[in-house]
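My entries follow in the order I made them.

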Amino acid sequence: MKIQNIYKLLCLGLVLSLGACETDVTKEVNIDTTPKLAVVSFISPQDTVLLVNLQKTQPAVGKAMSREEARVPNATVQLSDGSQTFTLKYEPTPDVYRLSASKLPVLPGKTYYLTVAAPDGYTVSGSCTVPRTEGVRITDITVTNKALDFPGGPTSMEVFSFKWQDAAGQPNYYRTLGGSRESQDPINPNGPPRIEPFYFSSWNDKNKNIYSDEKTDGGLFSSGEGGSQMPASQVPPKPYWLHATLAVTDQHYYRYHRSVYQQADTDGNPFAEPTLIYTNLQGGLGVFAAYNEVKGSKRVE
Amino acid sequence: MTRISLIILLLISSQLPLLAQNKYTISGYVREKGSQELLIGVSVYRPGTSVGTASNTYGFYSLTLPAADSVELAFSYVGYRPEIRRIKLRQNTELNIELEPNAVLQEVKIVGTEQREKVSEAVQMSNIEVPVAQIKNVPALLGEKDVMKVLQLMPGVQKGSEGNSGIYVRGGGPDQNLIILDDATVYNASHLFGFFSLFNGDALKSVEMTKGGFPARYGGRLSSVIELNMKDGNKEEVHGEGGIGLISSRLTVEGPLKKGVSSFLVSGRRTYADLLIKPFLPKEAKAGYYFYDLNTKVNYDFGRKNKLYISGYFGQDRFYLREKYDDGDRTRTGIDWGNATGTLRWNHLFNDRLFANASLIYSQYQFNIFSEEQNRSNEEFKLDYLSGIRDIGLKYDLDYLPNPEHAIRMGVLSTYHRFKPSALVVKDSDINKFVREVSNIDVTETGVYAEDTYRPFPQFRLNAGIRLSHFGVKGKSYFRPEPRLGVSYRLFEDLSLKASYATMNQFVHLLSNTGIGLPTDLWVPSTKRIAPQRSQQVALGVAKDFPKQNLSLTVEGYYKKSDNIIGYKEGASFLLIDDAESAETVNWENNITAGQGWSYGAEFLLQRKVGKFSGWLGYTLSWTQLQFDSLNFGKKYYARYDRRHDISVVGIYQPSSRITLSGTWVYGTGNAITMPRSTYTAPTHEPSSFYQNGQYVTEYGDKNSFRMAAYHRFDIGIQFHKKKRWGERTWEISAYNLYSRKNPFFYYLSSEYQPNDSSTVTKVKQTSLFPIIPSVSYSFKF
């Protein structure tokens, strides 16, 4: 990274030229490194299965735990809607606690409670309310060609984007989930339609695909640019359908993702303010958050 | 402005006949004998009474007394032999005084008088005056005498980190200090990332700091005012002083342009580490650092009524790294920053009781960071970042002294600021050339004030005033009235109770990522979106003098609430600019957040300014908390420089005129910082498995919830003075951090692989800057 030269220069100036000395003070400093329980779960009415991820945190100082030691396979993880409570089952692969959504339907406007009890006295709890989607509407979906200036020569790629209308008068948070193009299969016109997905990458997008209406209540939002995995030469003939999926999220979902992406962005920059990872849980770290999908479609002639 | 001045003058003139009945005015200038240097803050009083005044910034005093055949007047100033004059007062009288300096700040007793600068006599509280001669006696890092570091040794004033000249006053940040050099604001008072301050003691006449109970004449910052005045220059004969130290050398020359009428002063300083390391660098690389300072002043005395002063400061820091390899790779990286100030001042005496000063002020601070790379395939990267601020100001002040009960000051200061928050050019072969130029922001800041120091009866004094502040920026105008009040009640002889209240507003803000005074810190104005910072401070205190011992004791408690203070959002840094795209998203207004702060505490200061043994003992007990909606999830947290205990002991012993011994011991609670506690993989909701991996994140606990180890240090110095035919020379041997305490500068985590059990162990490493640093320096005066 080019900016690293400047860091180098600053650090050199600050430390080396002034004869700094380094000491191991691990035993003298008092950092609370007791492992905590990190619990992460996102629920939505569109889910068929409800998943909760559990892990023990690695102490920042001292001997690192192995992957096995960080696992928490013998916890009691419960989800409740206030009247019914279900215990989730642990699955070693891929190391999650699971419950079928048919047992505990996730409904808009309803509050859900998560409690986790694990050996060594860990208890973590939290709650979230599933957002409603009334008033939120996808207004436009497009696929355009974007010229790229690659070192190997100019080329182009298709980019997918959409717009949506915010529901005014209440705080709303969003996540653009993706989209697809549905077209007739040229080889088998009478067979099932060809579905071509478009993905948004959170790591490259300036908004990280998460949005808040804090400053633009009731406004029109635009997604970032979603990419297709398909070569430009295989663009299907018109007409075709474009579909977009938007998640209306709760505040916890938004703040947690924002903090995670932001910390990743500034990782390694000694001059940036440290970013704290958001949590809405009591007794632990992580998040219990909800979202609710809104879909939109457009026929392109 | 002219119209306002005229109205004020008319009002004052209309009062003169009434006020002058059977009273006459004694007025004049107080100067230093030999050099004719005007002296600031000299006590002028009638011995045995509480009737008195003090000379102003230009050495002028005025005292109106009832007519008498014989009036005795005493003139007293720290470091000078007091003078007593007896005069017949049957008409307005001009009395210019010359005070003789004492070489070693001796205790001087003259029958019928004593050193008079009693803290119990002044209405002003939360005020620090350190004689420049004393500053030169306090041992310093590498022998570089530093005004700001001496101020850091005072209660209520704290340093940021090791060796740093940044100042934190009563919980306020370093940007909340108004640093004025000859009326011009100095925006970045640091050299070498804050290790040395700009101010060359040889060029200074006086240093005064106010940290609370601000009189109405000061405005524009929340936490303190540090007023420095440059020497005028010797009007009688050419003199010089200088020094050769381990890292820099300095030279000051002053003398008359026209004897008794006009004089000049030129003072310069430069470091030479870059010149010394040059031969040791590889031929491919050229790297180095230097700074220089240049202070200049010229003045002309047109007689009693008019005086003219022109002064300027120019300083620059330059850090550079150039590499050129045989294979064609080339880099050029550098950081430059510097201040320039200039002041043109005109003193005019309308009459014996009305003194005026008009100033035209220029100040500029500019910072440039650049990096250029070119490799053998001719791929190029270029980054050039520029930020800065430029001020042009007009100031007009009137001192009106109608009688010993009242000292009225009023005036106006209007400053036209031009901010250049960031101007950036990024060029990269991978992308098209990208140029981004943030347009300059032009604003005007105006303050109109009036204050009266009133003594209704001998035991009671008050200073009441109001400052009306206005700030105009495109699309928004802020108007802020700022009431000020200070009262003092003398309970017993030499014992006063004091109280003060001040509202302050700050319209310019410093965005600082590190708080260590890097030149990357960025000055920005209040805008439509960013409201001015505001503070309200109350202070209560006791001031007691022990005249026999030449000791003064002040104990003060304060409470300060600040609003709309500025902080960086989490993850924000202007140094995030890495390429054209990130530059586009880095907008300073988006990167900052407003919050509030609370500071409270108690300060204790026992001080002896004169005598064979002088110095002070200071202790501060304080708390500083901050709250920002978008930091620490909206919860209150301790400021980085929240310091529960801060102790400083400064002792200067002069057993003879040939030797000065000095020692300093400081102790401070460790800084509150944010340290990693644990790490974990934070899964994120990624709709496509293509991107699904989660992010390895760090958990810090609450912001600033970790305390660094306490800071303490002992410095000593010994000076050997010797009179020579040509003047005087001084050798100084000193040691900074005598017992080589490893004070933490920062901590970092370091992971080490353990081959025996294939595990990884993370350790906390502490970086300390200075072990014991001995130094030797030579200075001379002629």
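I count two strands as paired if DSSP finds at least two bridges between them. The model is predicted, and I kept that in mind throughout.

**Entry: strand pairs in chain B**

I began with S5(B), residues 68-76. Phe75(B) stands opposite Glu83(B) in S7(B). S7(B) covers residues 83-89, and six bridges join S5(B) to S7(B) in the antiparallel sense. I then looked for another partner of S5(B). Strand S2 of chain B, residues 43-45, pairs with S5(B) over three bridges, also antiparallel. There, Ser43(B) has Ser76(B) as its bridge partner.

S22(B), residues 285-301, and S23(B), residues 306-324, are joined by 17 bridges and run antiparallel. I noted one bridge pair, Asn295(B) with Tyr313(B) in S23(B). The hairpin of S22(B) and S23(B) has four residues between the strands, and Gly303(B) takes a positive phi near 120°.

S23(B) is also joined to S24(B), residues 330-351, by 19 bridges, again antiparallel. Leu321(B) stands opposite Thr333(B) in S24(B). Five residues lie between S23(B) and S24(B) in their hairpin. Gly328(B) in that turn has a positive phi of about 105°.

**Entry: chain A overall**

The chain has 301 residues, and 48% of them count as buried. Among contacts between residues at least 6 apart in sequence, 67% join residues at least 24 apart. The accessible surface is about 14,500 Å², and carbon and sulfur atoms account for 50% of it.

**Entry: helix H3(A)**

Does the span of H3(A) agree or disagree with 1.5 Å a residue? It agrees: the 16 residues, 251-266, should span 22 Å, and the end C-alpha atoms are 22 Å apart. I then listed the buried residues of H3(A). They include His252(A), Tyr253(A), Tyr256(A), His257(A), Val260(A) and Gln263(A). An α-helix has 3.6 residues a turn, so residues three or four places apart point the same way. The buried list also holds Tyr254(A), Ser259(A), Tyr261(A) and Thr266(A).

**Entry: Ala289(A)**

Ala289(A) is 37 residues from His252(A) in sequence, yet their C-alpha atoms are 5.5 Å apart. Ala289(A) lies in S20(A), residues 285-300. Is Ala289(A) buried or exposed? Ala289(A) is buried, because its relative accessible area is 0% and the cut-off is under 20%. Leaving out residues up to four places away in sequence, Ala289(A) touches Ser41(A), Phe42(A), Ile43(A), Cys128(A), Asp250(A), His252(A) and Tyr253(A).

**Entry: nonpolar cores**

Which residues have the most contacts inside the largest nonpolar core? They are Leu151(B), Phe199(B), Leu204(B) and Leu228(B), in a core of 78 residues. This core draws at least three residues from each of domain 2 (127-227) and domain 3 (711-774) of chain B. I checked Leu204(B) on its own. Beyond its neighbours within four places in sequence, Leu204(B) is in contact with residues including Val132(B), Val147(B), Leu181(B), Phe199(B) and Leu228(B). Another core lies apart from this one and has 29 residues, among them Val77(A), Leu88(A), Leu104(A) and Cys128(A).

Most residues other than glycine have a negative phi, and most peptide bonds are trans. I searched for exceptions. The peptide bond from Thr93(A) to Pro94(A) is cis, with omega near 15°. Pro94(A) sits in the loop between S8(A), 89-91, and S9(A), 96-100.

Asn209(A) has a positive phi near 65°. Its place is the loop between S15(A) and S16(A). Asn209(A) is buried, at 1% relative accessible area.

In chain B, Arg170(B) has a positive phi near 45°. Arg170(B) lies in the loop between S12(B) and S13(B). Arg170(B) is buried, with a relative accessible area of 1%.

**Entry: Lys36(A)**

I ended on a lysine in a loop. Lys36(A) is found between S1(A), 21-24, and S2(A), 37-43. Lys36(A) counts as buried because its relative accessibility is 19% and the cut-off is under 20%. Setting aside residues up to four places away in sequence, Lys36(A) touches Gln55(A), Lys56(A), Thr57(A), Tyr122(A) and Leu285(A) in chain A, and Arg677(B) and Glu699(B) in chain B.

How values were computed. Residues numbered from 1 in each chain as written. Chains lettered and ligands numbered in written order. Predicted model: local features only at pLDDT ≥ 70, side-chain atom pairs only at ≥ 80, totals over all residues. Heavy atoms only, no water. Helix = DSSP H or I, 4+ residues; strand = E, 2+ residues; numbered from the N terminus. Expected span 1.5 Å × (residues − 1). Buried < 20%, exposed > 50% of the residue type's maximum accessible area, 1.4 Å probe, protein only. Contact = heavy atoms within 4.5 Å. Areas by Shrake-Rupley, 256 points an atom, 1.4 Å probe, with all protein chains shown as cover. Core = buried A, V, L, I, M, F, W, Y, C linked by side-chain atoms within 4.5 Å. Domains from an automatic or database assignment.
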